[in-house]
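Please read them alongside the sequence and the coordinates.

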Amino acid sequence: MGRKLLLEHINVPGINTYDVYRAKGGYTSLEKALKTLTPDEVVEEVKKSGLRGRGGAGFPTGMKWSFLAKPEGVPRYLVCNGDESEPGTFKDRYLMTHIPHLLIEGMIIASYALGAKTSYIYVRGEMMPQIRILEKAIAEAKAAGYLGQNILGTGYDLELYVQPGGGAYICGEETALIESLEGKRGNPRIKPPFPAIAGLYGCPTVVNNVESIAATVPIIRDGGDEYAKIGIGRSTGTKLISASGNLKRPGVYEIELGVPVEEFIYSDEYCGGIANGKRLKAVVAGGSSVPILPANLILKTAAGDARIMTYEGLSEGGFATGTMMGSGGFIAFDEDQCIVRNTWNFSRFYHHESCGQCSPCREGTGWMEKVLHRLEHGHGKLSDMDLLVDVSKKIEGNTICPLGDAAAWPVASAIRHFRDEFEWHVTNGAEAVARNFGLAHYADPLPKPEVVS
Amino acid sequence: MVKVTIDGISIEVEPGTSILNAARQIGGDIVPPAMCYYSKLEGSGGKCRTCLVKVSKGSEKDPRPMPKLVASCRTTVMDGMEVQNITSPEVTEARKGVVEMLLINHPLDCPICDQAGECHLQDLGYEHGAAKTRYEFDRRTFDRIDIGDKIQLHMNRCILCYRCVFTADQITEKRVHGVLNRGDHAEISTYIQKAVDNDFSGNVIDVCPVGALTDRTFRFKNRVWFTKPVEAHRDCEHEKCSGKVTLWYKGEDVLRVTARKDQYGEVEEFICNTCRFDKKKTSDWVIEGPRKVSHKSVISSNHYETLHPLPVVKTNPVLLEANKEQFERETRL
């Protein structure tokens with residue numbers, strides 16, 4: 001069994017209430033941080049832990065905190081990004097629903113480390129029950145003296161607010177989130193300036209994912225060095241994975257970084273294999289925006305080693321044969337699933353969620369969606385594949401925010417790895433509407449390249 | 001002063017200058033096109049992505065190149081920065097892609113568009129666009145709406161540059177129009193069918209890079225290249241209006257009044273609606289003289305002050321003489 005840091009007490013009845021959470025050792029990290037550590041020491045612990053942002057980009061959290069500008073007389077803000085809208089990712093919602101005090105405690109520790117007097121938890125508008133849960137938890141924490149004026153007699157003041165968003169995917173991008181929090185239209189800002197210099201209301205701001213903030217609690221409790229012992233290389237600690245798709249036991253799992261993908265899918269500790277006795281066809285390993293991989297490449301890297309679930313392990317092989325950790329939305333597809341339809345579905349999502357600010361993404365996502373719709377419904381042409389690859393290249397990297405990349409990668413990777421399935425949709429248009437392409441050779445072991453002596 | 005090199009040409013500029021403005025100080029072919037950036041409007045730029053350039057050397061201190069192409073209108077220069085614009089195939093390719101994207105939902109109705117001839121998208125498409133479209137679907141369409149008694153919005157043509165939004169925010173007292181919806185169904189519209197009605201609202205027509213916002217007093221009156229621009233001014237009673245305009249003549253009539261625009265199509269000074277829409281008689285204005293139009297613009301093609309066009313039929317004295325002889329012979333008989 002892997003170590004559980006965030007979900008250790010998740011099955012304790014009533015862990016969502018203050019009393020049970022406190023009885024299980026809750027808020028001891030907070031007391032340790034506020035009473036024995038200075039803010040800089042907290043940042044130093046998080047730096048030592050090697051914690052990397054759990055929202056998708058994987059940027060070291062401690063580094064992000066130390067970049068925060070600290071001009072005199074200007075307030076600083078901590079914003080928790082609970083906008084979790086990536087298709088396939090639902091770990092933050094799970095955390096906020098079942099163990100809200102972990103997030104509250106993490107927020108107070110992080111706010112203390114950054115010197116923020118006001119902090120916000122921005123939660124997606126659709127998650128109204130979670131917003132109520134968090135508000136109740138904040139009220140409980142306040143009643144216990146962990147929020148408000150002069151916390152634990154240390155002279156540190158903090159107010160924590162929950163802000164419901166409007167329910168747009170784009171508001172999960174940190175600068176769009178800040179705009180939305182300010183009450184404006186959620187358009188991403190043009191960087192620089194980065195939020196660490198001028199963020200919310202023009203003040204230095206740190207935006208962190210729910211899971212990153214929650215992870216500061218075990219880091220402070222056990223110390224950064226202890227946390228860094230878990231995991232492999234630069235991927236330290238544990239990570240919540242939202243497993244969905246054709247798995248026997250889908251759900252949120254906490255893994256120690258470094259678990260082999262094969263073990264994660266097939267072992268009984270985690271997903272328990274593919275449902276209904278089917279075989280694995282493809283996996284989207286980190287939420288809808290990362291490249292999709294066929295079964296043979298997700299289980300083993302191109303070099304033939306077992307692929308492990310770390311930031312580096314999943315991206316082994318670059319975009320040619322690798323994918324990304326992303327936000328940990330692990331979607332498995334069995335042999336009955338249609339990759340063309342899935343790609344179209346993702347593309348439809350990005351078309352719908354593009355903010356429309358910059359032209360490549362605004363026009364390109366709609367174009368890709370239309371071409372994929374045509375392919376899926378049997379009216380495509382063989383030239384459409386090249387067209388899609390070219391359009392995705394024109395979008396990728398040329399936009400203000402990463403939504404353009406996120407829209408381009410799934411399409412480009414699906415065509416890269418599943419081109420024969422796309423071609424089958426063109427050549428057998430009528431049949432493609434009625435049935436799926438099947439597994440084909442996607443689970444076959446990769447052929448060993450011949451060595452020329 | 002910081003030194004920046006754009007396509008091999010070095011220039012010293014003030015710290016804080018954007019790459020685009022540094023390129024404009026050099027001038028010539030290396031200036032990236034800009035569809036959404038407007039130097040007079042704070043916060044504009046960064047959206048259309050036509051001004052993308054490659055930074056091959058970040059600065060003297062940190063010589064690493066920037067990982068992605070950057071929007072030159074919103075990236076400030078650093079000392080020792082090296083920028084590639086037209087010398088980088090990557091930039092040309094990306095720009096071609098952006099122009100293609102801008103045109104896939106554009107109606108391409110230039111033959112009946114009032115902006116034709118002074119349209120930035122037309123110029124951009126001519127320079128960087130592909131000869132053929134790869135887009136095989138229905139174009140997005142909207143209804144035309146009048147967003148004020150003098151301004152018509154033709155949303156089909158809009159490229160969502162946000163310039164009119166910034167203008168309304170910064171030049172006029174109160175903004176009542178903005179961008180509704182998101183993605184490719186985003187549109188410019190007024191707040192619950194309110195009319196844009198204030199003294200400076202007409203400036204949105206001038207800042208619009210395409211024919212999305214047009215002057216209803218000039219609609220379908222004439223093509224811009226048949227009108228003659230003349231610079232004029234008047235003592236405008238409005239304190240914020242400079243009264244310096246360009247009058248567009250067709251014969252004796254003033255068909256249209258606009259603000260004066262510089263070589264990048266940006267207005268020099270904003271003018272009020274009275275000057276723009278109501279003062280359409282020569283007697284209202286003090287004429288300064290004809291406006292210089294770049295020889296690259298189609299508008300200049302109508303002005304033959306110095307250049308005499310070649311005769312369409314060449315005179316041939318030998319043939320004339322022969323014809324005359326034949327005529328005489330036949331009439332004599």
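1. What distance separates the centres of domain 1 of chain A and domain 3 of chain A, taken over C-alpha atoms? In this predicted model, the separation is 35 Å. The domain assignment of chain A places domain 1 at 18-229, domain 2 at 239-334 and domain 3 at 339-434. Domains 1 and 3 of chain A do touch: ten residues of domain 1 are in contact with nine residues of domain 3. On the domain 1 side of this contact, the classes are seven nonpolar, two polar and one charged.

2. Two helices of chain A, α3 (residues 39-49) and α6 (residues 100-114), have axes that come within 7 Å of each other and cross at roughly 115°. The crossing of α3(A) with α6(A) is left-handed. From α3(A) the contact takes A:P39, A:V42 and A:V43, and from α6(A) it takes A:I109, A:Y112 and A:A113. By class, these residues are six nonpolar, with no polar and no charged residues.

3. Helix α5 of chain A (residues 91-98) is mostly covered, with six of its eight residues buried. The buried residues are A:K91, A:D92, A:R93, A:Y94, A:L95 and A:M96. Their packing partners in chain A are the helices α6, α7 (128-143) and α9 (210-222), together with the strands β1 (77-82), β8 and β9.

4. Chain A also holds an open sheet of five strands, in the order β9-β8-β12-β10-β11, with mixed pairing. Which strands stand at the edges? They are β9 (251-256) and β11 (292-294) of chain A; each has a single partner strand, so one side of each is left without a neighbour in the sheet. Direction ignored, neighbouring strands of this sheet are turned by 30° against each other on average.

5. Within that sheet, strand β8 (residues 238-245) and strand β12 (residues 329-334) of chain A pair in the parallel sense, over four bridges. For A:S242, the bridge partner in β12(A) is A:G329.

6. Chain B has seven helices and 14 strands. Its C-alpha trace spans about 95 × 50 × 45 Å along the principal axes. Of the 333 residues in chain B, 38% are buried. Among contacts in chain B between residues at least 6 apart in sequence, 63% join residues at least 24 apart.

7. One loop position in chain B is worth a look. B:T133 lies in the loop between α3 (120-128) and β6 (145-146) of chain B. Is B:T133 buried or exposed? B:T133 counts as exposed because it has 11 C-beta neighbours inside 10 Å, and the cut-off for exposed is 12 or fewer. The C-alpha atoms of B:T133 and B:I104 are separated by 7.5 Å, although the two residues are 29 residues apart along the chain.

Key: Residues numbered from 1 in each chain as written. Chains lettered and ligands numbered in written order. Predicted model: local features only at pLDDT ≥ 70, side-chain atom pairs only at ≥ 80, totals over all residues. Pairing = 2+ DSSP bridges. Axes fitted to C-alpha atoms, helices over the stretch in contact; angles between N-to-C directions. Left-handed = near helix turned anticlockwise from the far one by under 90°. Contact = placed C-beta atoms within 7 Å. Nonpolar A, V, L, I, M, F, W, Y, C, P; charged D, E, K, R; others polar. Domains from an automatic or database assignment. Buried ≥ 20, exposed ≤ 12 C-beta atoms within 10 Å, placed from the backbone.
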